[in-house]
Amino acid sequence: MFSLFLYLLVTFLSGYFAIERIGLFSLRPLSTINIIHSLPFLAGLTGLFILVSFYILSNNRISGLRRWSYLVAMSLIISGLLVSYFTGFYVEVIITEGQGFYSGHDEYLSIYKGKFARPPEIGIKLEKLSPEFSKDSDEIKRLRGEFLYFRKGGGQTRIVITNRMPRLVNGMMFMIKGFGYSPRFVLKSKGGKVLFSSFVYMRLFPEGNEDFFRLLSPHTYYLRYYPSRTDKPFRLRIVRNKDIVFNDDIRLSEEVPFDNGVISFEEVRKWTRLLIIRDWGKIISVVGAILILLTLLPQKLALRKCKFL
Amino acid sequence: MKNIYASIVGIILACLTSFFIHENSLYNFRFHLGLYDGEAEERAIEDTLRLFNRHFATFFNTGGSLQGLNEFPAANLIKRRIFQEINNWRKNNSLLVYDRDVFKIEFIKLMDPVSAIALAKEVWFLNVQDIDTRRYISPVKAAPVKVRYFLKKIEKKWQVVEYEVFGEGDEVPPVNKGGF
């Protein structure tokens, strides 16, 4: 009876995970974190926990210590997942060189925030981003970000995060992913008065990629950036609804007159996606998984020894 | 043998759970397996784009008449940009006239059950006119463009949520991830 339910639950969980990961019935595939935090998956896992617990408690062949280890490990995994579901905090922000990020003050794209999650107080500033490109310059081989982390009680710490190695600070995991360029535009009136100036993060990597931005007018500014070109590194196209009002290569700081304004690009910085994760539940689950391995391992080794003998 | 049956039941349960928790799961399932009427969707998208361009030109040519605004298959931000420009022209007592000459769809690609991309070659004749007398203020300018439309299916109707305009000789870059 136990094995029947065990097979049923394990195939249900793995089948459900696979179906959602492929996206067979949904619009598009779901991310792993969304599947793990979904109600059917958590319900299935809780059912598995209850089943295994009953089996272990009622099985006299399993030694007392191992029995309790299993139970503790399973409880840790399940409670870890529940803690993660209710209090997990995953955010993603785009951060440009020289830009700071302060949680609670800035708007950020929240990937996941548990029902009872309280956003942690974070102050971090990207000082320098150093990419290492592949031979054809189309991919990032390595990305190194130098950050200033502002401590809660005052003071700051310099930390380095790479795309290969996440960094643990104050119980939070910091990761960087993705790369692009943030040009700084200056919009002036025909009379030369500065109306607006700002960095705008754009998906301009690799070379030839195009992205656009809009301000308050009906214009759309399409831009491509070619860092390898020394003379005219930008390709700019300004479109007012379906009317192209400018379309040409331009230099850095070149003033482009159009309709009732003048636009120029004064400097280019780099941006990356900073992922901040605070998930105590994940740590609890990992401890549970390690405990299960530790209790299983001696048994496996013993079996192997018996075979050799 | 019993364990195999239990495994089959587990997988069926997983399928049923996934089926019932998603909206339009049958349609999504058919789409992913290619068991849908792609030609009908493409026809619907083409009709949407023709309607979009007809209304687009009419709004400009009438100086912002709101007639047809409810049928205009476009996201609110697109509507806002169109009427913002029309109002700018109106402030100068003028209007920009869009006269369509060519509209040819190069391709339509369904990205998922509710998202599609279409590329069209279009030629418009543009000129600025006095709003009262319809006197030509600017010469007629031919504007050959390539337009990449991003469409979403909302309540079973396709709608333009974004469009990118390229020059006739411009290379159309790959779709950037922020398109939709």
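This is a predicted model: local features need pLDDT of at least 70, side-chain atom pairs count only at pLDDT 80 or more; totals for chains, interfaces and linings use all residues.
**View 1. The end of a strand in chain B, around B:I154.** At 40% relative accessibility, B:I154 is partly exposed, a label for residues between buried (under 20% relative accessible area) and exposed (over 50%), found with a 1.4 Å probe and protein chains only. B:I154 belongs to strand β3 of chain B, residues 141-154. Strands (E, at least two residues) and helices (H or I, at least four) are DSSP runs, numbered from the N terminus. Residues are numbered from 1 along each chain as its sequence is written, chains are lettered from A and ligands numbered from 1 in the order in which they are written, and side-chain values use heavy atoms, leaving out hydrogens and water. The scores of the model are ipTM 0.89 and pTM 0.84. For chain B the mean pLDDT (the predictor's confidence in each residue, from 0 to 100) is 93, and 98% of its residues reach 70 or more.

**View 2. A salt bridge between B:E41 and B:K153.** Here two side chains of chain B meet, with 2.8 Å from N to O. A salt bridge means a side-chain nitrogen of Lys or Arg within 4 Å of a carboxyl oxygen of Asp or Glu. The pair links distant parts of the chain: B:E41 sits in helix α3 (residues 38-61) and B:K153 in strand β3, 112 residues apart. B:E41 is buried, at 10% relative accessible area.

**View 3. Salt bridges that join chains A and B.** Over all chains, the structure holds 25 salt bridges. One of them pairs A:R214 with B:E162, whose closest N and O atoms are 2.7 Å apart. Because A:R214 lies in strand β10 of chain A and B:E162 in strand β4 of chain B, this pair joins two chains. A:R214 is partly exposed at 24% relative accessibility, whereas B:E162 is buried at 11%. Another salt bridge connects B:D170 and A:R237, with 3.7 Å between the closest N and O atoms. This pair also joins two chains, because B:D170 is in the segment after β4 of chain B and A:R237 in strand β12 (residues 234-240) of chain A. Both B:D170 and A:R237 are buried.

**View 4. The sheet β10-β11-β12-β13 of chain A.** Follow this order through an open sheet of four strands, with antiparallel pairing; two strands pair if DSSP finds at least two bridges between them. At the edges are β10 (210-214) and β13 (243-250), each of which pairs on one side only. On average, neighbouring strands are turned by 20° against each other, direction ignored; the axes are lines fitted to C-alpha atoms, and angles run from 0 to 180 degrees between N-to-C directions. Five bridges hold the antiparallel pair of β10 and β11 (residues 219-225). A:R214 has A:T220 of β11 as its bridge partner.

**View 5. The sheet β2-β4-β5-β6 of chain A.** This open sheet also has four strands in that order and antiparallel pairing. Its edge strands are β2 (100-102) and β6. Three bridges connect β2 to β4 (residues 123-133), and A:G100 stands opposite A:K125 in β4. Seven bridges join β5 (residues 140-150) to β6 (residues 156-162). A:Y149 has A:T157 of β6 as its bridge partner. In the hairpin of β5 and β6, which has five residues between the strands, A:G154 takes a positive phi near 110°.

View 6. A cis peptide bond, with omega about 0°, joins A:F205 and A:P206. A:P206 lies in the loop between β9 (194-199) and β10 of chain A. A:N170, in the loop between β7 (167-169) and β8 (172-189) of chain A, has a positive phi near 50° without being a glycine. A:N170 is exposed, with 56% relative accessible area. In chain B, B:K156 has a positive phi of about 70°, again in a residue that is not a glycine. B:K156 is found in the loop between β3 and β4 (157-167) of chain B and is exposed at 77%.
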